[in-house]
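User: I'm new to this one. Could you walk me through what the labels mean and how we know they apply?

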Amino acid sequence: MTAYAFAHLHHSALHPDVVEYIDRIQDTLDPFQGRFLLHGPPAEVVEGGFEGNLVLIAFPGLAEARAWYASPAYREILHLRTDHIAGDIVLAEGVAPDYDPRATAATLRAAL
């Protein structure tokens, strides 16, 4: 099942290290079939407050997402971003193609 690496990056700062990180990250994703779905576009906030940039990367599964994040190639470049941009990074598995939120609601209703 598709899994995602989601990043909420705070106070992005343009720095040569960040540019190098961006230039090198795809090579760390390729062995794990990771691909960008979002990469820092301006977000339209329709509820609440939100500042920063969004990054969303898809992987074939959670095992690949975890393996990418722990890989020596990614760990080697990670500091190029974290030295200059703070963020929250989450790995999460997506829902099945036949997911129906009504089934989740029924389960939650039964738990009440």
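User: Which residues of helix α2 are called buried?

Analyst: In α2 (residues 62–70), the buried ones are Leu-62, Ala-65 and Trp-68. Buried means under 20% relative accessible area, exposed over 50% and partly exposed in between, with a 1.4 Å probe and protein chains only. Keep in mind that this is a predicted model: local features need pLDDT of at least 70, side-chain atom pairs count only at pLDDT 80 or more, and totals for chains, interfaces and linings use all residues. Residues are numbered from 1 along each chain as its sequence is written, and side-chain values use heavy atoms, with hydrogens and water left out.

User: How do you know that the buried residues line one face of α2?

Analyst: Looking down the axis of α2, they fall within an arc of 125 degrees, so they line one face. The arc is that of the directions from the helix axis to the C-beta atoms. On the other side, Ala-63, Arg-66 and Ala-70 are exposed.

User: What do the buried residues of α2 pack against?

Analyst: They pack against β1 (3–10), α1 (16–29), β3 (53–59), α3 (72–82) and β4 (86–93). Contact means heavy atoms within 4.5 Å. Those helices (H or I, at least four residues) and strands (E, at least two) are DSSP runs, numbered from the N terminus.

User: What makes β1 and β3 a pair?

Analyst: Strands pair if DSSP finds at least two bridges between them; β1 and β3 have seven, in the antiparallel sense. One of the bridges joins His-8 to Leu-54 in β3.
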